[in-house]
Amino acid sequence: MRNQYKSGLLFRSEDIKIIMQEDLCPDQSFKSHMLEGKSSFNLIFMLSDGINLEGHDCGTQFLFKKNQYILHYSPEESVAELWTESEETLRYLQIQINYQYIFNLINPEHNRENAEILENMIHNHFIFLHKGTPPDMTVEMHMIVKEMLGYTKKGIMQKLFIEAEIIKLLILIFEQFNEKNTLKSFPKTPEIIRKFIDENYHRNIKAEEIAKYMGMNQNIIRKEFKAQYHTTIAHYISELRMLKARKLITDKEIMIKEIAIECGYEYLQNFTRAFKKKFGVSPESLRNNK
């Protein structure tokens, strides 16, 4: 996500505020200040490595790895400081949601399960997955965050889109924590596979090439990736390509054939077919409607 998205306030409504923070840290004295509103839930995705977070309300300090996140409830307005001890970019995404919005969404009066979910959220049981370790973003969460950051429409369409994506994120978080008692310590193999895909999805890569790169059987590669991220390698590659294609299609100076090649498609008709299946319209139609 580096250098692709604007920093600052991305969206604001009566119930939701989204801020993308991206700051170069020239020295260790630089700190970013994050405001948590009164009676609000704050979903914070750490998009760079080695982020320190200290909350003024409790004086507790945490250290996060890249692609970890927390869901934190703040009963009162408070400030947290975030910084890194390196000269790398400090990058995180904050989604702030009003308590009443979550209350109406979950409706704890409906059944006991809903009440338990809201209670766990209020008592900050979604900060650590197990053994004091912040949870890692799943592939689905990565995709949702990328879609949110790359969305360009405004008004009611943006509001509906943002609310739908937040609901998806909450479902993924609840599912992740419901499985925490049965989670096993997965080997690093799926993470290495995802990193390889993230860096090479623009090429015509397949599971066979990844298996050769890993020195493993391709069936094992497929099985471990799906077990960890709940999606197939082919689907993940396709999603990354489509997200990039939708971003590039707004630039009318780039030919659609060039976009197809840039997104890893050797033949234009295959790219057009995949694009229409994903977005419901052809690349040409989407570009002309912009």
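Phe41 has 0% relative accessibility and therefore counts as buried, a class that means under 20% relative accessible area, with exposed over 50% and partly exposed in between (1.4 Å probe, protein chains only). The model is predicted, with local features requiring pLDDT of at least 70 and side-chain atom pairs pLDDT 80 or more, while totals for chains, interfaces and linings use all residues. Residues are numbered from 1 along each chain as its sequence is written, and side-chain values use heavy atoms, without hydrogens and water.

The structure holds 16 aromatic pairs. Rings of Phe, Tyr and Trp (its six-membered ring) pair if their centres lie within 6.5 Å; planes under 30 degrees apart are stacked, over 60 edge-to-face and the rest tilted. Two of these pairs are tabulated below.

| Pair | Centre distance | Plane angle | Class |
|---|---|---|---|
| Phe41 and Tyr99 | 6.1 Å | 20° | stacked |
| Phe225 and Tyr236 | 5.8 Å | 40° | tilted |

Phe41 lies in strand S4 (residues 40-46) and Tyr99 in helix H1, so their pair ties together parts 58 residues apart in sequence. Helices (H or I, at least four residues) and strands (E, at least two) are DSSP runs, numbered from the N terminus. Tyr99 is partly exposed because its relative accessibility is 21%. Phe41 and Tyr99 also belong to one aromatic cluster with Tyr73 and Phe103.

In the second pair, Phe225 belongs to helix H7 (residues 218-229) and Tyr236 to helix H8 (residues 233-248), 11 residues apart. Phe225 is buried at 0% relative accessibility, as is Tyr236 at 1%.

Within H1, Tyr101, Ile102 and Ile106 are buried. Viewed down the axis of H1, its buried residues fall within an arc of 120°, so they line one face of the helix; the arc is that of the directions from the helix axis to the C-beta atoms.
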